[in-house]
Amino acid sequence: MAICFLSPLKPITPTTSLTTSLNPKKPNILRCNFSLPIITTTEPEPVFTSVRSFAPATVANLGPGFDFLGCAVDGLGDFVSLRVDPSVHPGELSISDISGTKNLSKNPLNNCAGIAAIATMKMLSIRSVGLSLSLEKGLPLGSGLGSSAASAAAAAVAVNELFGRKLEVKDLVLAGLESEAKVSGYHADNIAPAIMGGFVLIRSYDPLELMSLQFPVEKDLIFVLVSPDFEAPTKKMRAALPAEIGMSHHVWNCSQAGALVASVLQGDLVGLGKALSSDKIVEPKRAPLIPGMVGVKKAALVAGAFGCTISGAGPTAVAVVDSEDRGVEVGERMVEAFWKEGNLKAVAMVKRLDRVGARLVGSVPR
């Protein structure tokens with residue numbers, strides 16, 4: 001039996017099912033019901049001795065899309081190695097190693113990768129073998145680049161691949177959302193694009209409904225990511241947000257979010273950048289908490305970026321351009337502004353859209 005959580009505090013029996021729209025003229029829609037489905041057939045056998053997976057960094061919010069828009073970024077992310085381990089009790093998971101950071105627990109119940117892996121194991125009814133997980137952090141904690149989501153996505157994909165890819169994308173998102181709920185809050189704007197790739201819109205949380213937004217493949221989309229030497233914990237940044245907003249700001253942000261989605265689907269970088277820069281609700285409250293952010297945004301726009309905003313909860317700033325050369329120039333100006341306006345050292349990276357999402361990158365057959 002599956003238990004459906006339409007809210008974190010109110011479990012109910014599932015009443016809806018998954019449907020997927022494959023109409024190429026419309027955004028792909030993925031609907032699920034917050035349940036953690038359990039396979040009721042025979043427990044699957046491992047098809048590999050070990051696997052290695054990767055999940056990309058993500059940019060959440062994208063300006064006016066707070067908690068309902070996000071996208072994946074190529075070339076940055078976390079790796080997970082997973083193997084069948086006879087020394088681990090059957091049905092259980094052990095975290096054997098964490099590299100890239102010293103600030104994460106090896107207790108699977110207190111680790112984002114561990115939580116997602118266990119949720120995936122439960123979906124697959126894994127009882128006969130124990131697993132050992134190794135996490136390689138390529139993303140810094142509290143960077144605004146979906147660090148916890150990347151770990152969770154890579155772990156969920158690794159477990160699924162080890163047992164023959166029995167679960168669907170919707171199941172992996174739910175497993176990752178279990179982790180996000182316990183680590184950084186019940187929001188899918190990082191975990192969904194980390195697993196699905198590209199741009200993802202969370203149309204509804206109750207029930208969960210995801211829409212994949214296809215940016216035209218023939219168009220170039222370049223992200224300039226500038227990360228200062230400053231930590232902005234998600235919980236602290238969420239606490240800064242207003243409990244209520246005025247009607248005029250609500251209408252404005254809704255119109256900008258709509259324009260952003262339309263611009264993504266049309267491949268309109270000018271429109272995308274304009275909407276990205278136009279948040280009147282979240283960014284104005286968070287920007288003052290990141291030294292120099294206001295000046296960094298101005299510097300990016302003056303240097304020729306189509307738009308600039310805070311990536312996720314920050315402190316990373318993200319700008320949009322149409323070429324890598326322009327991206328390098330914009331990044332330099334943003335780094336200078338962080339130092340001049342905020343007295344912070346920063347690093348700039350120029351990256352493309354990741355259209356694939358979390359995936360298997362290596363395996364050892366049985």
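Predicted model: local features only at pLDDT ≥ 70, side-chain atom pairs only at ≥ 80, totals over all residues.
Is Ser278 buried or exposed? With a relative accessibility of 13%, Ser278 counts as buried, because the cut-off for buried is under 20%. You'll find Ser278 in the loop between helix H7 (269-276) and helix H8 (283-286). Now show what surrounds Ser278: leaving out residues up to four places away in sequence, Ser278 touches Trp252, Asn253 and Gln256.

The charged end of Lys280 sits over the ring of Trp252, 4.2 Å from the ring's centre.

Next, click on Cys254. Cys254 has a relative accessible area of 44%, so this residue is partly exposed. Then jump to Cys308, which counts as buried at 0% relative accessibility. While you're looking at cysteines, how many disulfides does the structure hold? The count is zero.

**Ring pairs**

Time for some rings. The structure holds two aromatic pairs. Select Phe54 and Phe79 to see one of them: the ring centres are 4.9 Å apart and the planes meet at 50 degrees, so this pair is tilted. Phe54 belongs to strand E5 (residues 48-60) and Phe79 to strand E6 (residues 69-84), so colour both strands; the pair links distant parts of the chain, 25 residues apart. Phe54 is buried, at 8% relative accessible area, whereas Phe79 is partly exposed, at 26%.

Now select Phe199 and Phe215, an aromatic pair that is also tilted, with 6.3 Å from centre to centre and 35 degrees between the planes.

Go back to Phe223 and show its contacts. Not counting residues up to four places away in sequence, the residues that Phe223 touches include Cys71, Val73, Phe199, Val318, Met349 and Val350.

Follow that list to Val350, which lies in strand E14 (residues 346-352). Val350 is partly exposed, with a relative accessible area of 27%. Beyond residues up to four places away in sequence, Val350 touches Ile222, Phe223, Glu324, Gly327 and Val328. Try the distance tool from Val350 to Val318: they are 9.8 Å apart, C-alpha to C-alpha, and 32 residues apart in sequence.

**Zooming out**

Finally, show the whole protein chain as a cartoon. There are 10 helices and 15 strands to trace. What percentage of the 366 residues is buried? Buried residues make up 54%. Of the contacts with a separation of 6 or more, 75% are between residues 24 or more positions apart.

How values were computed:
Residues numbered from 1 in each chain as written. Heavy atoms only, no water. Contact = heavy atoms within 4.5 Å. Disulfide = S-S within 2.5 Å. Buried < 20%, exposed > 50% of the residue type's maximum accessible area, 1.4 Å probe, protein only. Helix = DSSP H or I, 4+ residues; strand = E, 2+ residues; numbered from the N terminus. Phe/Tyr/Trp six-rings, centres within 6.5 Å; stacked < 30°, edge-to-face > 60°. Lys NZ or Arg CZ within 6 Å of the ring centre and 35° of its normal.
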